[in-house]
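Have the sequence and the 3D view ready as you read.

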Amino acid sequence: MEQAEAHLLDFSKEFDVVLLDQIIVIAFDPSHPQRQEANQFLVRLKEHPDVWMRAGAILEGSKHANTRFFGLHILSDAITTRWKIIPQEQREGIRSYIMTQILELSKLERVNHTQESFQFLKRLNLVLVQILKQDWPHAWPTFI
């Protein structure tokens with residue numbers, strides 16, 4: 001577990017989403033002997049000041065719902081606590097990404113109604129509301 005933690009906390013390397021998936025599976029398994037250690041690591045990772053830059057990789061690369069929700073939680077925390085210090089270009093990229101994901105999931109929802117995708121769409125909408133609280137109308141007047 002220590003090697004996995006060191007690798008995921010090394011921001012000079014490419015982020016290993018599969019490894020994060022494995023740690024989150026352990027953290028959500030009540031019978032796993034390393035559950036507490038995995039949860040403690042997730043707290044440390046979430047508190048890292050640069051982890052928000054990994055949210056896109058997590059959301060795009062993860063195959064597990066809990067990992068994707070973890071990525072959204074990281075992004076949500078960054079919006080509420082660091083939004084004003086994130087460079088404008090990156091803020092616009094985050095806004096665009098969230099909007100694209102909402103539109104794509106909304107299209108899919110009409111065809112494929114799963115509880116997981118519905119919950120993910122709800123969480124994306126909440127993230128969009130957080131962005132709007134920060135940016136609309138002054139920094140994003142074209143939203144409406």
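## Salt bridges

In this predicted model, a search of the whole structure turns up five salt bridges. Side chains of opposite charge can pair when their charged atoms come close. Let's visit some of these pairs.

Start with Arg44 and Glu5, which form a salt bridge with their closest N and O atoms 2.5 Å apart. This pair links distant parts of the chain: Arg44 sits in helix α3 and Glu5 in helix α1 (residues 2–9), 39 residues apart. Is Glu5 buried or exposed? Glu5 is buried, because its relative accessible area is 11%, under the 20% cut-off. Arg44, at 38% relative accessibility, counts as partly exposed.

## Where α3 meets α5

Two packed helices are described by the angle between their axes and the distance between the axes. Here, helix α3 (residues 35–47) packs with helix α5 (residues 65–82) at an angle of about 35°, and their axes are 10 Å apart. The crossing of α3 and α5 is right-handed. On the α3 side, Leu42, Leu45 and Lys46 make the contact, while α5 brings Phe70, His73 and Asp77.

Two of those names, Lys46 and Asp77, also form a salt bridge, with the closest N and O atoms 3.3 Å apart. Asp77 lies in helix α5 and Lys46 in helix α3, so the pair ties together parts that are 31 residues apart in sequence. Asp77 is partly exposed, with a relative accessible area of 25%, and Lys46 is partly exposed as well, at 32% relative accessibility.

## Asp135 and Arg95

Now look at Asp135, which forms a salt bridge with Arg95; the closest N and O atoms are 2.9 Å apart. Asp135 is in helix α7 (residues 115–135) and Arg95 is in helix α6, so this pair links distant parts of the chain, 40 residues apart. Asp135 is buried, with a relative accessible area of 1%, and Arg95 is buried too, at 9% relative accessibility.

Arg91 is found in helix α6 (residues 88–111).

Arg91 does have other partners. Its side chain makes a polar contact with the side chain of Gln88 (2.6 Å). Leaving aside neighbours within four places in sequence, Arg91 is in contact with Trp83, Lys84, Ile86 and Asp135.

Key. Residues are numbered from 1 along each chain as its sequence is written. This is a predicted model: local features need pLDDT of at least 70, side-chain atom pairs count only at pLDDT 80 or more; totals for chains, interfaces and linings use all residues. Side-chain values use heavy atoms; hydrogens and water are left out. Helices (H or I, at least four residues) and strands (E, at least two) are DSSP runs, numbered from the N terminus. A polar contact is a pair of N or O atoms within 3.5 Å; within protein, one must be able to donate a hydrogen and the other to accept it, and residues adjacent in sequence count only if both atoms are side-chain atoms. Contact means heavy atoms within 4.5 Å. Axes are lines fitted to C-alpha atoms, for helices over the stretch in contact, and angles run from 0 to 180 degrees between N-to-C directions. A crossing is left-handed if the near helix is turned anticlockwise from the far one by less than a right angle, and right-handed if clockwise. A salt bridge is a side-chain nitrogen of Lys or Arg within 4 Å of a carboxyl oxygen of Asp or Glu. Buried means under 20% relative accessible area, exposed over 50%, partly exposed in between (1.4 Å probe, protein chains only).
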